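Subject: Structure for you to look at

Hello,

Here is the structure we talked about. Please open it beside this message and follow along.

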Amino acid sequence: LTANSCASIMLARSSTILRSIQSSARITQRSVPLLDALNRQRKDIVVRNASRSTNDPKKSRAAVFAEELKEIRSRAVQGGGKLRVEQQHKKGKLTARERISVLLDKGSFIEYDQLVQHRCIQFGMEDKTFPGDSVVTGQGTINGRLVFVFSQDFTVFGGSLSEVHALKIQKIMDKAMLVGAPVIGLNDSGGARIQEGVDSLGGYAEIFQRNVLASGVIPQLSVIMGPCAGGAVYSPAITDFIIMVQNTSHLFITGPEVVKTVTHEEVSFDELGGARPHSTVSGVAHVTCENDIDALLRTRMLFDFLPLSWKEKPPRRFTTDTRDREEPALDRIVPEDPNVPYDMNQVISRIVDDADFFEIMPAFARNIIVGFGRLEGRTIGVIGNQPTQLAGCLDIDASVKAARFVRFCDAFGLPVVTLVDVPGFMPGVAQEHGGIIRHGAKLLYAYAEATVPKLTVITRKAYGGAYDVMASKHLRGDVNLAWPSSEIAVMGAKGAVEIIFRGMPAEQQEKEVARYERLFTNPLTAARRGFIDDIIEPRQTRHRLCQELD
């Protein structure tokens, strides 16, 4: 018997004797000293017992639970264990928790559901459990602003999505919509957890539903930092922006093996669904980064341009770059020859604050530029035709790229500044059969539908239907300005004269070309009709846009 056990027995016996004596009707003189002795013995036993319980190596129930909880939390932090973490690092990838620590402000992360475990009991899964399962979820801040985050842990069951994994993501998405804060998902998952069957598939659908409900309500960003295959790809596809990491991230519906079986095409993971094809060919990825650290830092940069929700204004950053700064270089940037290209990126960088422009999808549909900048600290969406690529023509990809960006800006109250140098829509059989009519209409619809401030500056060409589409006054543009180099017409002078004066001798056509140019190679005609609010010197563009935003 232990000391505590003996003391308990002695205490019980002394108590019994005391009760027996006290209940007796006769208490004699002899029984009084015995009664006192028993009381003293009982008190000594109680004191000794209390003293032993505090010094006993066997801890109290609360202490044991505290140690057990500490051990569980320690296991949760370790993820899939040291070996799997080392394997993750060998691939050049950070762990789920390391990614969160880079993304969020130091010490700001509050984790949810660290203790949950999967509920599967099939295929021996009841003996394979990890606290928190295969995803880390919670909230934190980026530069002091609230954000909700989930980070899939590839070291635990390959990051596969279980029922509780999905429930954890659903919980933070619900919280984000409730309080009005963005959601950032760090994706690194092998897909559905096969052992859980339809429970896993149902979990995906619940996440998709929340992606749809959150669309246009709070910004949603997806960072692909590993595999993301099958049905799992549709959650990032619904979100506003997708950031991919070169060489380690992959997005595809069916993998290379299935492709080979069905179509007999041999293709690698990178060729099929890597960052390069998705940023240059498919247009799925909006930003491509070199590694995990680069991707997380770029995500922080993008986050800084965005409002927390559709109800909130974006943060206004302090800047010493005032509206009074003029850019004489803009007066010379447009070549005299209308067929000579120039870089619209140079125009944008000279207009926005501190030349700070965050371009979206820079390698896809390069004939149009979209991205975020600031004017006197206020976030704006910028769209500009790029004359160095396809002469700035609008084609299918450019129309879809710009339309989606306009609609994002409209959903979150960001003013849209459009820089126009467009000779028209891209001609060709491939474009017509590919649906340029249908896709071009998306851009027209997006501009016409937008209710945010729409500021348009025509820098050179604005021809044909493309002039109408690019935020013209006719689509309720709020402010439409033009540089002196602007040409607003149905088409170029030479092509117009060849149609109007078909059959006329070449010498006379040349005279008509000169006359057409006098009429339409300047913005005066449009200004006289009120389609252009003002003709400004290029160097004054920044100043005027800042004034109009006021």
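A nonpolar core is a set of buried Ala, Val, Leu, Ile, Met, Phe, Trp, Tyr and Cys residues joined through side-chain atoms within 4.5 Å. Buried means under 20% relative accessible area, with a 1.4 Å probe and protein chains only; exposed means over 50%, and partly exposed lies in between.

The model is predicted: local features need pLDDT of at least 70, side-chain atom pairs count only at pLDDT 80 or more, and totals for chains, interfaces and linings use all residues. Residues are numbered from 1 along each chain as its sequence is written, and side-chain values use heavy atoms, leaving out hydrogens and water.

The largest nonpolar core has 65 residues, and Phe372 and Ile383 have the most contacts inside it. Helix α14 (residues 396-411) gives the most to this core, namely seven residues. Helices (H or I, at least four residues) and strands (E, at least two) are DSSP runs, numbered from the N terminus.

Next, look at strand β13 (residues 416-422). Seven of its seven residues are buried, so β13 is largely enclosed by the rest of the structure. Val416, Thr418, Val420 and Val422 point one way from β13, while Val417, Leu419 and Asp421 point the other way.

Gly384 stands opposite Leu419 in β13, and Val416 stands opposite Lys454 in β14.

Regards

Terms used: Pairing = 2+ DSSP bridges.
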